[in-house]
Amino acid sequence: MTLTRLAGAYALVALIVAVVFAAAILGGPFRAVERSDYMTYHVAARIVLAGDGACLYDAGCQATVQRELIGEEPSFESGALPFNSPPWLAALVAPLGVLPLGIGFAIFTALGVALLAWGTWRAAAGHVGWGGPAARALAVVLVLTAWPTVMAVIRGQSTLLVAGLLGLSVGMARYRSGLMLGLSVLKPTLGPIWALWQLVGGHRRAVGTALLVALALVALAAVVASPQSLVDYPQHLYRVAGLDAPGVHVEEMINWRGAALRLGAGAWLQAAGTAITLAGVGWTWWRTRSRHLGAAAAFLATPLVIPHANQHEFVLASIGIVMVVAAAGDRRVALASLAIAAHAILWAGPVMEATASAWMLFGACLVWLAIAAVLAGRAEAGA
């Protein structure tokens, strides 16, 4: 009872801190909404609404609409902040383009937070659960108030939405799971490892449904944006993969690519680290029959191996941590305590140098992935 009360008290404090922090940034003089990732989605929406979808990934086209929307922004010294998301996201958010930027930001971000809360609630249940509604509510509060999640809220990031969809896909059966997985291609980098586990686990109907949903989104982009946007999107991703692309800070990334750059070790470390990480995921999948623990490994590994992983990609790893705790059997209390302690430690991020906080999130993903691999070797994890 004492531990439960302490956890509840901590959750309340974390909620207050998260709300105050986000409100101070969004309501302060920082022009946070104007500099947010959502702002680029709003720009894309306006381009699509104007019938100019064929120039969706043209830097000049984006810069013109961005200046009309927010004016000159001194922080974008290298140029306008680019729209790097797929054209089907632009097609889906197009209705928000008729609204003022702040209102569009609020609607999009609220939807992302709601889906993330729902996905975490379902993920916390698992096949053994956290022990009841109160514990699952605690998991939801901890994920929503984690520092990377709060930063994703401040940036209006689509990661909130997609992580929630992937969390929902774990606890749903076949077609509904496939629907959520298919919709997750709104941010295509977050779903592939989990999709592979779905396939390896024999959930072919879910994968088939996901493919149909993804194709429907591609068709939507061709109709609402333009066929040209589908052609330009891969080329645009190649252009922004460079170290000097606007808005790209590889040294602050929480993946192996960022770690290799910070250490000055070269591409070999990125390749070796990615291989070791995927081997750990494979080991976990081989040793466990738990779809829940398999998903946890996929979610924790994803930020480490994808080529572009900033702080907000850790939101997906947060759901992975919840699922590791849910699958921990008689060690659940100990791992829940570790998760709460880690939650508190991560809040040192705002006062740390960006590269130091990147190391912290990178290390957290590795540690919890290792814990998932250890649990996979236990009989309880395979039950």
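**Helix packing and side chains**

Modeller: Helix α11 (residues 204–224) packs against helix α12 (residues 227–240) at an angle of about 115 degrees, and their axes are 6 Å apart. This is a predicted model: local features need pLDDT of at least 70, side-chain atom pairs count only at pLDDT 80 or more, and totals for chains, interfaces and linings use all residues. Residues are numbered from 1 along each chain as its sequence is written, and side-chain values use heavy atoms, with hydrogens and water left out.

Biologist: Which residues in α11 and α12 meet?

Modeller: From α11, Val218, Ala221 and Ala222; from α12, Pro227, Ser229 and Leu230. Contact means heavy atoms within 4.5 Å. By class, that contact has five nonpolar residues, one polar and no charged.

Biologist: New topic. Is Leu160 buried or exposed?

Modeller: Leu160 counts as buried because its relative accessibility is 1%. Buried is under 20% relative accessible area, exposed over 50%, partly exposed in between (1.4 Å probe, protein chains only). Leu160 sits in helix α8 (residues 159–171).

Biologist: What does Leu160 touch, leaving out residues up to four places away in sequence?

Modeller: Thr109, Gly112, Val113, Leu116, Thr149, Ala152 and Val153. Leu111 is 49 residues from Leu160 in sequence, with 8.6 Å between their C-alpha atoms.

Biologist: And Val333, where is that found?

Modeller: In helix α17 (residues 332–346). Val333 counts as exposed because its relative accessibility is 54%.

Biologist: Which residues form a nonpolar surface patch with Val333?

Modeller: Leu3 and Leu6. Together the three have about 320 Å² of accessible area. Patch residues have over 30% relative accessible area and no salt bridge, with nonpolar side chains joined within 5 Å.

Notes
Axes fitted to C-alpha atoms, helices over the stretch in contact; angles between N-to-C directions. Helix = DSSP H or I, 4+ residues; strand = E, 2+ residues; numbered from the N terminus. Nonpolar A, V, L, I, M, F, W, Y, C, P; charged D, E, K, R; others polar. Patch = residues over 30% accessible without salt bridge, like charges linked within 9 Å, V, L, I, M, F, W, Y side chains within 5 Å. Areas by Shrake-Rupley, 256 points an atom, 1.4 Å probe, with all protein chains shown as cover. Salt bridge = Lys/Arg side-chain N within 4 Å of Asp/Glu carboxyl O.
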